[in-house]
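Subject: Handover of a structure, with notes

Dear colleague,

Please find the structure below. I would be grateful if you kept it open while reading my notes.

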Amino acid sequence: MNALETHDLGRRHGRRWALREASVTVPEGARAALVGPNGAGKSTLLNLVSGLLEPTTGRIEIFGGPLEPAAVAFVAQDKPLYRRWSVADLLRFGAATNPRWDGAAARSLLAGHGIGSRERVDRLSGGRRTLVALALAVGKRAGLVVLDEPLAELDPLTRMEVMSVVRDLPATVLLSSHILADLAEVCDHLILLGAGRVRLCGGFGDLLRDHPATGLEDLVLHYLRNPEEAR
Ligand SMILES: Nc1ncnc2c1ncn2[C@@H]1O[C@H](COP(=O)(O)OP(=O)(O)OP(=O)(O)O)[C@@H](O)[C@H]1O
(Lines give C-alpha, C1' and ligand atoms only; values in the text may rest on other atoms or scores of the structure.)
Protein backbone atom coordinates (compact mmCIF):
# COMPACT_ATOMS: atom_id res chain seq x y z
CA MET A 1 0.00 0.00 0.00
CA ASN A 2 1.10 3.56 -0.53
CA ALA A 3 1.42 5.75 2.55
CA LEU A 4 0.87 8.79 0.35
CA GLU A 5 -0.63 9.44 -3.05
CA THR A 6 -1.32 12.85 -4.49
CA HIS A 7 -3.35 13.26 -7.64
CA ASP A 8 -2.95 16.42 -9.74
CA LEU A 9 -2.36 18.37 -6.58
CA GLY A 10 -2.02 22.11 -6.99
CA ARG A 11 -1.86 25.21 -4.86
CA ARG A 12 -2.12 28.75 -6.16
CA HIS A 13 -1.36 31.98 -4.30
CA GLY A 14 -3.18 34.72 -6.16
CA ARG A 15 -2.32 34.12 -9.80
CA ARG A 16 0.90 32.26 -9.08
CA TRP A 17 1.10 28.48 -8.75
CA ALA A 18 3.38 27.32 -5.92
CA LEU A 19 2.70 23.69 -6.91
CA ARG A 20 0.99 22.41 -10.02
CA GLU A 21 -0.37 19.03 -11.24
CA ALA A 22 1.70 17.18 -8.63
CA SER A 23 1.08 13.43 -8.66
CA VAL A 24 3.44 11.56 -6.36
CA THR A 25 3.46 8.28 -4.47
CA VAL A 26 5.36 7.25 -1.36
CA PRO A 27 5.17 3.52 -0.50
CA GLU A 28 4.48 2.46 3.06
CA GLY A 29 7.74 2.22 5.03
CA ALA A 30 9.73 4.40 2.63
CA ARG A 31 12.19 7.10 3.62
CA ALA A 32 11.33 9.61 0.91
CA ALA A 33 13.61 12.54 0.11
CA LEU A 34 11.91 15.68 -1.21
CA VAL A 35 14.43 17.83 -3.03
CA GLY A 36 14.47 20.78 -5.41
CA PRO A 37 15.82 24.30 -5.71
CA ASN A 38 14.64 27.19 -3.52
CA GLY A 39 11.06 28.06 -4.37
CA ALA A 40 10.41 24.72 -6.12
CA GLY A 41 7.32 24.04 -4.00
CA LYS A 42 8.67 21.65 -1.34
CA SER A 43 7.20 23.40 1.70
CA THR A 44 3.93 23.84 -0.17
CA LEU A 45 3.70 20.09 -0.87
CA LEU A 46 4.57 19.23 2.75
CA ASN A 47 2.03 21.71 4.12
CA LEU A 48 -0.67 20.30 1.84
CA VAL A 49 0.13 16.70 2.84
CA SER A 50 0.00 17.71 6.51
CA GLY A 51 -3.38 19.39 6.11
CA LEU A 52 -2.01 22.84 6.97
CA LEU A 53 -2.83 24.21 3.52
CA GLU A 54 -5.93 23.56 1.43
CA PRO A 55 -5.28 22.42 -2.13
CA THR A 56 -6.50 24.59 -5.01
CA THR A 57 -6.77 21.47 -7.21
CA GLY A 58 -6.41 17.71 -6.84
CA ARG A 59 -6.55 15.38 -3.88
CA ILE A 60 -4.43 13.57 -1.30
CA GLU A 61 -4.73 9.98 -0.08
CA ILE A 62 -3.05 8.78 3.10
CA PHE A 63 -2.86 4.98 3.47
CA GLY A 64 -5.58 4.62 0.84
CA GLY A 65 -8.06 6.98 2.51
CA PRO A 66 -8.72 10.68 2.87
CA LEU A 67 -6.25 12.93 4.65
CA GLU A 68 -6.63 12.09 8.33
CA PRO A 69 -4.79 14.48 10.71
CA ALA A 70 -4.13 11.76 13.28
CA ALA A 71 -2.19 9.74 10.69
CA VAL A 72 0.29 12.52 9.88
CA ALA A 73 2.87 14.21 12.12
CA PHE A 74 4.44 17.38 10.80
CA VAL A 75 7.80 18.71 11.95
CA ALA A 76 7.89 22.26 10.58
CA GLN A 77 10.95 24.14 9.36
CA ASP A 78 10.97 26.50 12.36
CA LYS A 79 9.95 23.71 14.77
CA PRO A 80 7.22 25.75 16.45
CA LEU A 81 6.90 23.75 19.62
CA TYR A 82 5.50 25.71 22.53
CA ARG A 83 8.82 27.22 23.46
CA ARG A 84 8.15 28.18 27.06
CA TRP A 85 6.95 24.71 27.88
CA SER A 86 9.09 21.97 29.37
CA VAL A 87 9.52 18.65 27.59
CA ALA A 88 7.22 17.12 30.24
CA ASP A 89 4.52 19.72 29.39
CA LEU A 90 4.73 18.70 25.73
CA LEU A 91 4.42 15.01 26.61
CA ARG A 92 1.35 15.75 28.77
CA PHE A 93 -0.14 17.78 25.94
CA GLY A 94 0.54 14.90 23.52
CA ALA A 95 -1.15 12.44 25.89
CA ALA A 96 -4.19 14.71 26.31
CA THR A 97 -4.69 15.36 22.60
CA ASN A 98 -3.87 11.98 21.03
CA PRO A 99 -6.13 9.02 21.84
CA ARG A 100 -3.49 6.57 20.58
CA TRP A 101 -0.64 8.24 22.50
CA ASP A 102 2.43 6.06 23.24
CA GLY A 103 4.21 7.97 26.00
CA ALA A 104 6.72 5.18 26.66
CA ALA A 105 8.00 5.29 23.07
CA ALA A 106 8.30 9.09 23.15
CA ARG A 107 10.13 9.03 26.50
CA SER A 108 12.45 6.27 25.35
CA LEU A 109 13.53 8.30 22.30
CA LEU A 110 14.17 11.35 24.48
CA ALA A 111 16.09 9.37 27.09
CA GLY A 112 18.19 7.76 24.35
CA HIS A 113 19.40 11.22 23.37
CA GLY A 114 19.89 12.56 26.89
CA ILE A 115 16.91 14.93 26.80
CA GLY A 116 15.38 15.28 30.26
CA SER A 117 11.68 15.91 30.80
CA ARG A 118 12.35 19.04 32.91
CA GLU A 119 14.25 20.82 30.15
CA ARG A 120 12.60 23.91 28.75
CA VAL A 121 12.07 23.76 25.03
CA ASP A 122 13.30 27.32 24.41
CA ARG A 123 16.64 26.46 26.03
CA LEU A 124 17.29 23.44 23.80
CA SER A 125 19.52 23.66 20.73
CA GLY A 126 17.88 23.41 17.30
CA GLY A 127 18.94 19.77 16.92
CA ARG A 128 17.47 18.78 20.29
CA ARG A 129 14.23 20.62 19.51
CA THR A 130 14.01 18.54 16.33
CA LEU A 131 14.53 15.37 18.38
CA VAL A 132 11.74 16.47 20.75
CA ALA A 133 9.45 17.04 17.75
CA LEU A 134 10.35 13.56 16.47
CA ALA A 135 9.61 12.05 19.90
CA LEU A 136 6.16 13.68 19.79
CA ALA A 137 5.60 12.21 16.31
CA VAL A 138 6.52 8.76 17.67
CA GLY A 139 4.22 9.27 20.67
CA LYS A 140 1.39 10.19 18.32
CA ARG A 141 1.98 6.89 16.45
CA ALA A 142 1.67 8.77 13.19
CA GLY A 143 1.87 6.49 10.16
CA LEU A 144 3.40 9.26 8.06
CA VAL A 145 5.99 11.66 9.48
CA VAL A 146 6.62 14.78 7.40
CA LEU A 147 9.72 16.91 8.06
CA ASP A 148 10.43 20.26 6.42
CA GLU A 149 14.20 20.82 6.28
CA PRO A 150 15.01 19.15 9.60
CA LEU A 151 18.75 19.41 8.91
CA ALA A 152 18.95 23.15 8.23
CA GLU A 153 21.49 24.88 10.46
CA LEU A 154 22.55 21.68 12.22
CA ASP A 155 26.20 20.72 12.65
CA PRO A 156 27.37 17.47 11.00
CA LEU A 157 27.26 15.33 14.15
CA THR A 158 23.76 16.54 15.07
CA ARG A 159 22.64 15.92 11.47
CA MET A 160 23.87 12.34 11.81
CA GLU A 161 22.00 11.99 15.12
CA VAL A 162 18.75 13.31 13.62
CA MET A 163 19.09 11.15 10.50
CA SER A 164 19.71 8.02 12.57
CA VAL A 165 16.40 8.71 14.36
CA VAL A 166 14.71 9.31 11.00
CA ARG A 167 16.09 5.98 9.74
CA ASP A 168 14.62 4.09 12.71
CA LEU A 169 11.23 5.83 12.97
CA PRO A 170 8.39 3.27 13.02
CA ALA A 171 6.62 5.19 10.25
CA THR A 172 6.82 6.21 6.63
CA VAL A 173 8.91 9.38 6.34
CA LEU A 174 8.83 12.24 3.86
CA LEU A 175 11.52 14.85 4.42
CA SER A 176 12.86 17.82 2.52
CA SER A 177 16.47 18.93 2.58
CA HIS A 178 19.15 20.48 0.44
CA ILE A 179 21.82 18.26 2.01
CA LEU A 180 21.88 15.48 -0.55
CA ALA A 181 24.71 13.49 1.05
CA ASP A 182 22.72 13.06 4.27
CA LEU A 183 19.58 12.09 2.36
CA ALA A 184 21.50 9.53 0.30
CA GLU A 185 22.59 7.75 3.50
CA VAL A 186 19.07 7.11 4.76
CA CYS A 187 16.48 7.61 2.02
CA ASP A 188 15.29 5.04 -0.52
CA HIS A 189 12.73 7.09 -2.45
CA LEU A 190 13.04 10.42 -4.26
CA ILE A 191 10.65 13.20 -5.19
CA LEU A 192 12.33 15.94 -7.20
CA LEU A 193 10.45 19.21 -7.69
CA GLY A 194 11.35 22.04 -10.02
CA ALA A 195 9.44 25.27 -10.61
CA GLY A 196 6.33 23.92 -8.86
CA ARG A 197 6.20 20.67 -10.84
CA VAL A 198 7.19 17.06 -10.13
CA ARG A 199 10.31 16.24 -12.17
CA LEU A 200 10.99 12.76 -10.79
CA CYS A 201 9.30 10.40 -8.35
CA GLY A 202 10.35 6.84 -7.60
CA GLY A 203 12.51 4.42 -5.67
CA PHE A 204 16.25 5.15 -5.85
CA GLY A 205 16.95 1.70 -7.25
CA ASP A 206 14.51 2.15 -10.15
CA LEU A 207 15.60 5.72 -10.86
CA LEU A 208 19.28 4.79 -10.88
CA ARG A 209 18.68 1.72 -13.04
CA ASP A 210 17.30 3.99 -15.75
CA HIS A 211 20.17 6.44 -15.50
CA PRO A 212 23.97 6.38 -15.63
CA ALA A 213 24.22 8.46 -12.42
CA THR A 214 26.44 7.03 -9.68
CA GLY A 215 24.19 7.99 -6.78
CA LEU A 216 21.50 10.29 -5.46
CA GLU A 217 23.60 13.45 -5.57
CA ASP A 218 24.69 12.79 -9.12
CA LEU A 219 21.12 12.00 -10.21
CA VAL A 220 19.60 15.09 -8.61
CA LEU A 221 22.32 17.40 -9.91
CA HIS A 222 21.87 15.99 -13.41
CA TYR A 223 18.13 16.77 -13.44
CA LEU A 224 18.59 20.16 -11.81
CA ARG A 225 21.04 21.06 -14.59
CA ASN A 226 18.91 19.47 -17.33
CA PRO A 227 15.26 19.95 -16.28
CA GLU A 228 14.04 19.34 -19.84
CA GLU A 229 15.13 15.67 -19.51
CA ALA A 230 12.79 15.04 -16.55
CA ARG A 231 9.15 14.32 -17.17
N1 LIG B 1 1.78 32.27 1.12
C2 LIG B 1 2.33 32.49 -0.08
N3 LIG B 1 1.99 33.55 -0.83
C4 LIG B 1 2.53 33.77 -2.04
N5 LIG B 1 3.47 32.97 -2.60
C6 LIG B 1 3.88 31.92 -1.89
C7 LIG B 1 3.34 31.60 -0.59
N8 LIG B 1 3.94 30.46 -0.15
C9 LIG B 1 4.81 30.09 -1.11
N10 LIG B 1 4.77 30.95 -2.15
C11 LIG B 1 5.57 30.86 -3.37
O12 LIG B 1 5.42 29.57 -3.89
C13 LIG B 1 6.65 29.07 -4.41
C14 LIG B 1 7.02 27.77 -3.71
O15 LIG B 1 7.35 28.07 -2.34
P16 LIG B 1 7.82 26.94 -1.30
O17 LIG B 1 8.05 27.62 0.00
O18 LIG B 1 6.86 25.82 -1.35
O19 LIG B 1 9.21 26.48 -1.96
P20 LIG B 1 10.38 25.59 -1.33
O21 LIG B 1 10.77 24.60 -2.38
O22 LIG B 1 9.97 25.05 -0.01
O23 LIG B 1 11.56 26.66 -1.15
P24 LIG B 1 12.81 26.71 -0.11
O25 LIG B 1 13.76 25.61 -0.50
O26 LIG B 1 13.39 28.06 -0.37
O27 LIG B 1 12.25 26.56 1.28
C28 LIG B 1 7.68 30.17 -4.21
O29 LIG B 1 7.77 30.91 -5.40
C30 LIG B 1 7.08 31.00 -3.09
O31 LIG B 1 7.49 32.35 -3.21
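This is a predicted model: local features need pLDDT of at least 70, side-chain atom pairs count only at pLDDT 80 or more; totals for chains, interfaces and linings use all residues.

Residues are numbered from 1 along each chain as its sequence is written.

The sheet

Helices and strands are DSSP runs, numbered from the N terminus; a helix is H or I with at least four residues, and a strand is E with at least two. Two strands are said to pair if DSSP finds at least two bridges between them. An open sheet is formed by 6 strands in the order β7-β8-β9-β4-β10-β11, with mixed pairing. The edges are β7 (72-75) and β11 (197-203); each has a single partner strand, so one side of each is left without a neighbour in the sheet. From one strand to the next, the twist averages 15°.

On to β10 (residues 189-194), which runs parallel to β4 (residues 31-35) and is joined to it by 4 bridges; here Leu34 has Ile191 as its partner in β10.

How well covered are these strands? A residue is called buried if 20 or more other C-beta atoms lie within 10 Å of its own, exposed if 12 or fewer do, and partly exposed in between, with C-beta atoms placed from the backbone. In β9, 5 of its 5 residues are buried: Thr172, Leu174 and Ser176 point one way, and Val173 and Leu175 the other way. In β7, Val72 and Phe74 point one way and Ala73 and Val75 the other, and all are buried.

Two residues are in contact if their C-beta atoms, placed from the backbone, lie within 7 Å. Axes are lines fitted to C-alpha atoms, for helices over the stretch in contact, and angles run from 0 to 180 degrees between N-to-C directions. Helix α1 (residues 42-49) packs on the sheet and touches β4, β7, β8 (144-148), β9 (172-176) and β10; its direction makes about 150° with that of β8. Of the 8 residues of α1, 6 are buried, so this helix is largely enclosed by the rest of the structure. The buried ones are Lys42, Thr44, Leu45, Leu46, Leu48 and Val49. Just after α1, Gly51 takes a positive phi of about 80°. Helix α8 (residues 216-225) lies across β4, β10 and β11, and runs at about 20° to β10.

The nonpolar core

A nonpolar core is a set of buried Ala, Val, Leu, Ile, Met, Phe, Trp, Tyr and Cys residues joined through C-beta atoms within 7 Å. The largest one has 66 residues, among which Leu144, Val146 and Leu174 touch the most other members. Helix α4 (residues 126-139) gives the largest share of this core, 8 residues. Leaving aside residues up to four places away in sequence, Leu144 touches Ala3, Leu4, Ile62, Ala71, Val72, Ala171, Thr172 and Leu174.

The ligand shell

Which residues lie around the ligand, that is, with a C-beta atom, placed from the backbone, within 6 Å of it? They are His13, Arg16, Ala18, Gly36, Asn38, Gly39, Ala40, Gly41, Lys42, Ser43 and Thr44. Two or more of them come from each of β2 (16-22) and α1, and α1 gives the largest share, 3 residues.

Two arginines

Arg128 belongs to helix α4 and counts as buried because it has 20 C-beta neighbours inside 10 Å. Arg84 lies in the loop between β7 and α2 (87-97) and is exposed, with 9 other C-beta atoms within 10 Å. Arg84 touches Arg120 and Asp122, not counting residues up to four places away in sequence.

With kind regards

Terms used
A residue is near a molecule or strand if its C-beta atom, placed from the backbone, lies within 6 Å of it.
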